[in-house]
Amino acid sequence: MMEKIEELRGVNSVKIKEASEAGRKIVGMYCVFSPQEIALAAGAIPVSLCGTSNDPVEAAEKELPRNLCPLIKSSYGFAITDKCPYFYFSDILLAETTCDGKKKMYELMGKLKPMHLMNLPQTADGEENLALWKNEMVRFKSYLENTLKVEITEDKLKEAIKLVNREREAMKRLHQLNAHKPAPLTGMDMMKAQWIKGFNVNKEDGIEMVEQLIREVEENLDALKAAMGQEGPRILLTGVPVGIGSDKVIRLIEEGGGRVVALENCTGYKGLDVLVDETKEPLQALAEKYLSTPCSCMYDNQGRLDLIARMAAEYQVDGVLDLTWQACHTYNIESFFVRDFVREELGLPFIQIETDYSESDAGQLKLRIDAFLETITTQC
């Protein structure tokens, strides 16, 4: 099943082209705060455009400063080089005010394709911020209706909410398989399986594939555990989003004998933790779900610490690695809070890694990660 999931990268590239040629509209999104349900209710296909490859960074640096987050440079590089089929076939881009670097990048990107910007509150606390965010849901709905010449009814929204909730539930069940000791899936496999969902043209097919993978793992759980043998340190990865091409830290952990059993980040479990309440008015429920996302862009992000604590216990982790991209100031500053919380409140070993998408520091990172894993092994 993992082989089939990896094959989806090529298959989905063809399917997005075929869908566009058949008249389907594509909405490109960059963030876990983006409400894909509204795009689905408009009859469009939501796709992830968040850049995770180092390849287009050089092209982006001709217009963007070098000392900028690699995620931003990669995303913009894909946009200006036409090397990403998902960006190429996107009819509309959905932007969000999660960080200053992305906001200014969106100004440049908005010259390439039609773009709608959602204004995120500075904090998730308070009814006034929830009301503001719900109004942004209303604005996005109206924008798609006017731009695509469609009507987004309440029934269509409810249908879309149920579909995406099913996808989240499947991904949660997959992720939670690694609560077993030893974990049946590598961190690399888990990352690939969850990352690929942002590119599925048909969500039903994607859900079925994940459910099939879950069945395959559960049916062979004892054999998988036996094959794993002695398990190395179990690591919780927190911090910035990770995808294919920006996965070197996961790779180095597992090459060093550790196992990434849980990914708290927004390409991992963070966006799956809370479902949309299907009993409430759709836009209100969407606003509540997405505003609950514990992102470092928010003031007083206690929700992230709560999630780390729950996952550290559920996945029986031996240590926490906080990954920060260079020039990602919100995650870099927040790492101080995470470090103190993990060490003092959870009593677990902690390390922060600050890096970019290139392999230039792989040797140095290997030394630091190997030493971290050795420390955990010695303590155990």
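User: How do helix H4 and helix H6 pack, and at what angle?
Analyst: Helix H4 (residues 70-81) and helix H6 (residues 100-109) pack at an angle of about 10°, and their axes are 10 Å apart. This makes H4 roughly parallel to H6. Angles under 35 degrees count as roughly parallel, over 145 as roughly antiparallel, 65 to 115 as roughly perpendicular, and the rest as oblique. Axes are lines fitted to C-alpha atoms, for helices over the stretch in contact, and angles run from 0 to 180 degrees between N-to-C directions. Helices (H or I, at least four residues) and strands (E, at least two) are DSSP runs, numbered from the N terminus.

User: What should I know about the model and its numbering?
Analyst: This is a predicted model, in which local features need pLDDT of at least 70 and side-chain atom pairs count only at pLDDT 80 or more, while totals for chains, interfaces and linings use all residues. Residues are numbered from 1 along each chain as its sequence is written, and side-chain values use heavy atoms, with hydrogens and water left out.

User: Back to the helices: which residues of H4 and H6 meet?
Analyst: From H4, Ile 72, Ser 75, Tyr 76 and Ala 79 meet Gly 101, Lys 102, Met 105, Leu 108 and Met 109 of H6. Contact means heavy atoms within 4.5 Å. The residues of this contact divide into six nonpolar, two polar and one charged. Here Ala, Val, Leu, Ile, Met, Phe, Trp, Tyr, Cys and Pro count as nonpolar, Asp, Glu, Lys and Arg as charged, and the others, Gly among them, as polar.

User: Now the sheets. What is the strand order in the one with E3?
Analyst: The order is E2-E1-E3-E4, an open sheet of four strands with parallel pairing. Strand E2 (45-48) and E4 stand at the edges with a single partner strand each, so one side of each has no neighbour in the sheet. The twist from one strand to the next averages 25°. Two strands pair if DSSP finds at least two bridges between them.

User: How many bridges join E3 to E1 and to E4?
Analyst: Strand E1 (residues 26-29) pairs with E3 over three bridges, and E3 pairs with strand E4 (residues 115-118) over four. Leu 93 in E3 is the bridge partner of Gly 28, and Met 115 in E4 is the bridge partner of Leu 93. Ala 95 stands opposite Leu 117 in E4.

User: Which helix lies across those strands?
Analyst: Helix H7 (residues 127-148) lies across E1, E3 and E4, and runs at about 170° to E4.

User: Are the faces of E3 covered or open?
Analyst: Both faces of E3 are covered: Ile 92, Leu 94 and Glu 96 on one side, and Leu 93 and Ala 95 on the other, are all buried. Buried means under 20% relative accessible area, exposed over 50%, and partly exposed in between (1.4 Å probe, protein chains only).

User: What does Glu 96 touch?
Analyst: Glu 96, found in strand E3 (residues 92-96), counts as buried because its relative accessibility is 2%. Leaving aside residues up to four places away in sequence, Glu 96 touches Tyr 30, Cys 31, Ser 34, Lys 102, Tyr 106, Leu 117 and Met 118. The side chain of Glu 96 makes a polar contact of 2.7 Å with that of Thr 98 and one of 3.0 Å with that of Tyr 106. A polar contact is a pair of N or O atoms within 3.5 Å; within protein, one must be able to donate a hydrogen and the other to accept it, and residues adjacent in sequence count only if both atoms are side-chain atoms.

User: And what is the order of the sheet with E5?
Analyst: That open sheet has four strands in the order E6-E5-E7-E8, with parallel pairing. Strand E6 (259-263) and strand E8 (350-355) stand at the edges, each with a single partner strand. Neighbouring strands of this sheet are turned by 30° against each other on average, direction ignored. Helix H15 (residues 329-345) packs on the sheet and touches E5, strand E7 (319-325) and E8; the direction of H15 makes about 165° with that of E8.

User: Last one: is Lys 172 buried or exposed?
Analyst: Lys 172, in helix H8 (residues 154-176), is buried, with a relative accessible area of 17%. A polar atom of the Lys 172 side chain lies 3.3 Å from the backbone oxygen of Asp 273.
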